Amino acid sequence: MTAREAGQSPDEVFDVVDEHDVVVGRATRAEVHRRHLLHRAVHIFWLRPDGLLCLQRRSYAKDNCPGLLSSSCAGHVDAGEGYAEAAVRELGEELGVTVPVGRLREVDYAPWHPDLGHEFVRSYVLEGEFRPTVAQGEVDSVLWRSPAETLAWSQAEPEAFSSPLLHLLARPSVRGALGLP
């Protein structure tokens, strides 16, 4: 089984950052997660023209939040990579959607938090009609709900949602970008 089929590779290398999101070193995924080192990630919220939000059910092979609902696409920023470039890469890897950086609108920058997996997170909105191709090992499935339905569902059944998504849905800038009160 390849790392992609397994959901992630423990040998991936991430930048380790300090409490100000300044790079202070590098470590493998396994070490970063084991030692709860601060690092970087991205989340993309994809809205179709009909207003529906793509939710991703994470692969059951993932080491964090397996089988739980998450943003449309989420992933780590690799060592030496920028946030926006990571967002474009992750969209391609997880959903088979290829877009230029300019199609993504940054809507939030969240400081690290345990609920975010000790990650600084930049969130983006992607608007448009695309044909997703779900990557086995990365994504179990996608489903579409309105942002309001997503919020109500996450409040009624928080155990079905990843902790990063719950954390991001509580942030005013993410809610505003999704048209939520």
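**Reading cysteines and overall form**

Mentor: Cys73 is buried, its relative accessible area being 0%; buried means under 20%, exposed over 50% and partly exposed in between, with a 1.4 Å probe and protein chains only. The model is predicted, so local features need pLDDT of at least 70 and side-chain atom pairs pLDDT 80 or more, while totals for chains, interfaces and linings use all residues. Residues are numbered from 1 along each chain as its sequence is written, and side-chain values use heavy atoms, without hydrogens and water.

Trainee: How many disulfides does a search of the whole structure find?

Mentor: A disulfide is a covalent bond between the sulfur atoms of two cysteines. The search here, which requires a pair of cysteine sulfur atoms within 2.5 Å, finds zero. Cys65 is in none, the nearest cysteine sulfur, that of Cys73, being 15 Å away.

Trainee: Is Cys65 buried or partly exposed?

Mentor: Cys65 is partly exposed, at a relative accessible area of 21%. Across the protein, 50% of the 181 residues count as buried.

Trainee: What does the radius of gyration show?

Mentor: It is taken over C-alpha atoms, and the globule rule is 2.2 Å times the number of residues to the power 0.38. For 181 residues, a compact globule would have a value near 16 Å, and the protein agrees with this at 15 Å. Its C-alpha trace spans about 45 × 35 × 35 Å along the principal axes.
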